[in-house]
Amino acid sequence: MVYAAVVKVMFASAEFAPLARVGGLAAAAAGLVAELRRQGVDVQVVIPDYFATKLQRETVVKLDVPDWAGPATARTGTLGDIGTITLIDAFGIVKSHPYLQPDGHGWPDNDRRFMAFSAAVAALATAAAPDVLHLNDWHTCVALGHLATLPPTMLTIHTLGYQGRTNPGWLKTLPHHTAAFEQWGDCNPLLGGIRLADVVVAVSPHYAAEITTQHGGFGLDEPLRDKGDRLVGILNGIDADEWNPETDRHLPATYSSADVGAKAGMRAELLARFGLTDGGGPLLTMVTRLADQKGVDLLLPLTPFLEHLGATLIVLGDGEQGLADALSAATAAHPNQVAFVRGYDEALAHQLFAGADVFTMPSRFEPCGLAQMQSMAYGTLPLVTDVGGLHDTVIDVDAVPARGTGIVVPDASSVALMDGLHRMVKAYSQPRRRAAMQRRGMAIDWSWKRPAAAHIDWYRRLLTEPATRSV
């Protein structure tokens with residue numbers, strides 16, 4: 001369904017693929033915007049100009065921001081497949097990486113950089129007068145502290161754990177709604193966004209419920225509960241053109257749900273490429289950030305048992321040095337069963353999704369997760385924990401045999417993961433059962449069509465219903 005362009009949306013984000021990509025925020029932002037535009041919404045994308053990117057048919061506007069945030073400009077033009085985009089330059093924005101120094105530590109002025117970006121977003125919103133201001137994560141929230149009159153506002157929380165909390169001196173720089181941003185004597189940008197937005201969107205229904213609990217709320221569960229029915233969960237999608245085994249340019253052979261035979265050849269090539277022994281069990285892969293959230297450390301104690309199960313493991317990822325060292329040690333200790341590639345290789349990532357039998361995702365928390373949906377699109381069975389978007393997307397085949405698409409373990413622990421691996425090996429060893437799971441996963445529409453339609457419904461509601469803010 002294509003909607004008429006009844007709303008003009010300003011969409012502000014710290015990341016946007018492929019121009020500024022660090023985590024899932026970039027892919028989610030780009031995927032949603034592309035589909036919103038396909039469905040007729042007029043979306044102005046606004047992101048920091050980290051790399052002084054050249055645009056075509058560029059126009060430049062000087063923005064009225066406080067002295068500490070400027071000078072600030074907005075360059076609007078077109079860029080490749082992204083289309084029209086607005087790049088903000090303000091204090092300290094231009095860097096070699098959006099968040100991190102070359103040594104892996106955050107830029108020491110990150111608070112000021114994103115405070116300045118938010119001030120610039122507010123100035124641009126004042127000039128452009130969008131129907132709806134759509135903010136994403138803490139990097140954009142302080143825009144609301146620079147607007148005397150707030151437009152209809154949606155805030156999407158991609159990861160609640162990152163809140164931008166900083167010293168209380170920043171409260172004095174906010175001319176409006178200052179109290180909304182104060183928590184425990186500090187300035188908390190995300191809290192202010194939650195309190196001031198008309199609707200807060202979490203990126204999956206189960207995550208929306210989790211963040212209202214003390215365990216999952218990261219200190220913001222009470223203000224999130226206060227939103228009532230204005231806290232909603234809308235499951236993210238994936239780029240159905242990029243993640244399609246029938247057309248994937250990164251694969252040596254394409255395939256469909258009607259014939260997944262090409263997977264066997266890619267599986268054999270991966271095992272040979274990394275010198276792994278085929279013991280008759282499943283090839284497990286992970287494509288992940290090396291972070292505590294992702295549960296890589298929970299999988300490591302299982303590596304000594306892989307040979308007994310006939311299984312093998314390939315991990316592609318980068319991040320925390322300790323986890324990288326531990327994966328390297330596991331590879332050295334079990335060279336026939338474990339391989340680790342540090343960094344990110346786009347082609348290899350696609351090949352790992354396609355050639356694997358099982359995709360492992362033992363996350364401690366997962367707001368939505370894209371990898372489990374990507375794996376199912378490629379006929380690769382997910383082994384996941386029962387959290388966030390993983391709960392909403394993977395059906396445990398032992399719990400619901402007729403609809404199962406993978407294995408879901410009840411908690412993020414090595415013990416639970418070992419039990420889940422045993423159950424997955426059993427399912428894998430039954431060809432008809434395995435093929436049925438693959439077909440079910442590949443038949444699901446993981447595209448952005450339905451999520452975008454849900455966002456449009458909310459945009460329309462915000463234009464017709466009274467503002468409901470917590471302060």
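The protein chain exposes about 18,700 Å², and carbon and sulfur atoms supply 54% of that area. Before I go on: this is a predicted model.

Staying with the whole chain for a moment. Of its 471 residues, 57% count as buried. For that number of residues, a compact globule would have a radius of gyration near 23 Å, and the protein chain has 23 Å, so the two agree. Along the principal axes, the C-alpha atoms fill a box of roughly 65 × 45 × 45 Å. The secondary structure comes to 15 helices and 17 strands. On contacts: take those between residues at least 6 apart in sequence, and 68% of them join residues at least 24 apart.

Next, the aromatic rings. How many aromatic pairs does a search of the whole structure find? It finds 8. I will show two. In the pair of Phe114 and Trp138, the ring centres are 5.5 Å apart and the planes are at 70 degrees; since an angle over 60 degrees counts as edge-to-face, that is what this pair is. Phe114 is in helix H2, residues 110–128, while Trp138 is in the loop between S6 and strand S7, the latter being 153–157. The pair therefore ties together parts that are 24 residues apart in sequence. Are these two residues buried or exposed? Phe114 is buried, with a relative accessible area of 2%. Trp138 has 14% relative accessibility, and because the cut-off for buried is under 20%, Trp138 counts as buried as well.

The other pair is Trp243 with Phe353. Here the distance is 5.2 Å centre to centre, with 75 degrees between the planes, and the pair is edge-to-face. Trp243 sits in the loop between strand S11 (231–233) and helix H6 (262–273). Phe353 belongs to helix H10, residues 346–355, so this pair ties together parts that are 110 residues apart in sequence. Both residues are buried. They also belong to a cluster: ring pairs link Trp243, Phe353, Phe359 and Tyr378.

Lys95 lies over the face of Trp107, at 4.7 Å from the ring centre. For Trp458, the residue over the ring is Arg461, whose charged end sits 4.0 Å from the centre.

Now two individual residues, starting with Asn136. Asn136 lies in strand S6, residues 132–136, and is buried at a relative accessible area of 1%. What does its side chain reach? The side chain of His158, through a polar contact of 2.9 Å. If we leave aside neighbours within four places in sequence, Asn136 is in contact with Phe11, Ala12, Ser13, Leu25, Leu155, Thr156 and His158.

Last, His455. His455 is in helix H15, residues 449–464, and at 3% relative accessibility counts as buried. Which residues does His455 touch, not counting those up to four places away in sequence? They are Leu32, Leu36, His134, Met154, Val201 and Ile234. As for distance, His455 and Ala264 are 191 residues apart in sequence, and 39 Å apart in space, C-alpha to C-alpha.

That is the end of the tour.

Notes:
Residues are numbered from 1 along each chain as its sequence is written. This is a predicted model: local features need pLDDT of at least 70, side-chain atom pairs count only at pLDDT 80 or more; totals for chains, interfaces and linings use all residues. Side-chain values use heavy atoms; hydrogens and water are left out. Helices (H or I, at least four residues) and strands (E, at least two) are DSSP runs, numbered from the N terminus. Buried means under 20% relative accessible area, exposed over 50%, partly exposed in between (1.4 Å probe, protein chains only). A polar contact is a pair of N or O atoms within 3.5 Å; within protein, one must be able to donate a hydrogen and the other to accept it, and residues adjacent in sequence count only if both atoms are side-chain atoms. Contact means heavy atoms within 4.5 Å. Rings of Phe, Tyr and Trp (its six-membered ring) pair if their centres lie within 6.5 Å; planes under 30 degrees apart count as stacked, over 60 as edge-to-face and the rest as tilted. A charge sits over a ring if NZ of Lys or CZ of Arg is within 6 Å of the ring centre and within 35 degrees of the ring normal. The radius of gyration is taken over C-alpha atoms; the globule rule is 2.2 Å times the number of residues to the power 0.38. Accessible areas come from the Shrake-Rupley method with a 1.4 Å probe; for residues, only the protein chains shown count as cover.
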